[in-house]
Amino acid sequence: MPAPEYTEAASNTLSNSLAGDNPWRTNWVAGIIGGVRATSCAKRVALLLGHDEPQVRATAAGTLGELVAREFRKEVEELLSDPELEVVAAAVRALGLMGSADSIGLISPLLTSDNSHLRAGVAWSLGMLGSRDHTNQIAQLAQKDPDPLVRRWALIGLGFLDPLGQAHTFALCARDSD
């Protein structure tokens, strides 16, 4: 059951709370907006994508993903070149949630990142986006990545692409972990 949209007054209060000079409060409020699905705040949250604090940028991207605010996809895609890894990882996950296959070509090169957190997010997002062209690469991560977190998220990504393929890969991973 989808979360109810907050009243205009509640949404305005949340949205206005983003304007403070305390980045931690701003980050906290942006997270709440995503959690309660206050979609009317998306435009105000999108303004935070250019914030000075990386954690605020990352939370803003994540919130826009949770809100499935596709109208801000291009702005979130710009964060893929952010110097902070946590921001890039949040942008990758947000793009997966937004569900636009147009983002596949931008995030797929990150599947071979040296950072396991980023590889995990990309594998999951490519699955969410239905990128069957990357099924073999995601399956390789699910079977052979040294990080168990990457293997787990790659399995989930495979599940979005092919439930039978996920079951097969899960069986291989279970066998290899013994």
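Close-up 1. Helix H4 (54–66), helix H6 (85–98), helix H8 (116–128) and helix H10 (148–161) each give at least two residues to the lining of the largest pocket, and H4 brings the largest share, five residues. Helices here are DSSP runs (H or I, at least four residues), numbered from the N terminus. This is a predicted model, in which local features need pLDDT of at least 70 and side-chain atom pairs count only at pLDDT 80 or more, while totals for chains, interfaces and linings use all residues. Residues are numbered from 1 along each chain, and side-chain values use heavy atoms, with hydrogens and water left out.

**Close-up 2. A tryptophan pairs with two other rings.** Let's visit the aromatic pairs: the structure holds two. Trp-124 and Trp-153 sit edge-to-face, 6.4 Å centre to centre with 90 degrees between the planes. Rings of Phe, Tyr and Trp (its six-membered ring) pair if their centres lie within 6.5 Å; planes under 30 degrees apart are stacked, over 60 edge-to-face and the rest tilted. Trp-124 lies in helix H8 and Trp-153 in helix H10, so this pair ties together parts 29 residues apart in sequence. Trp-124 also forms an edge-to-face pair with Phe-160, at 6.3 Å and 75 degrees.

Close-up 3. Trp-124 is buried at 13% relative accessible area, whereas Trp-153 at 33% and Phe-160 at 41% are partly exposed. Buried means under 20%, exposed over 50% and partly exposed in between (1.4 Å probe, protein chains only).
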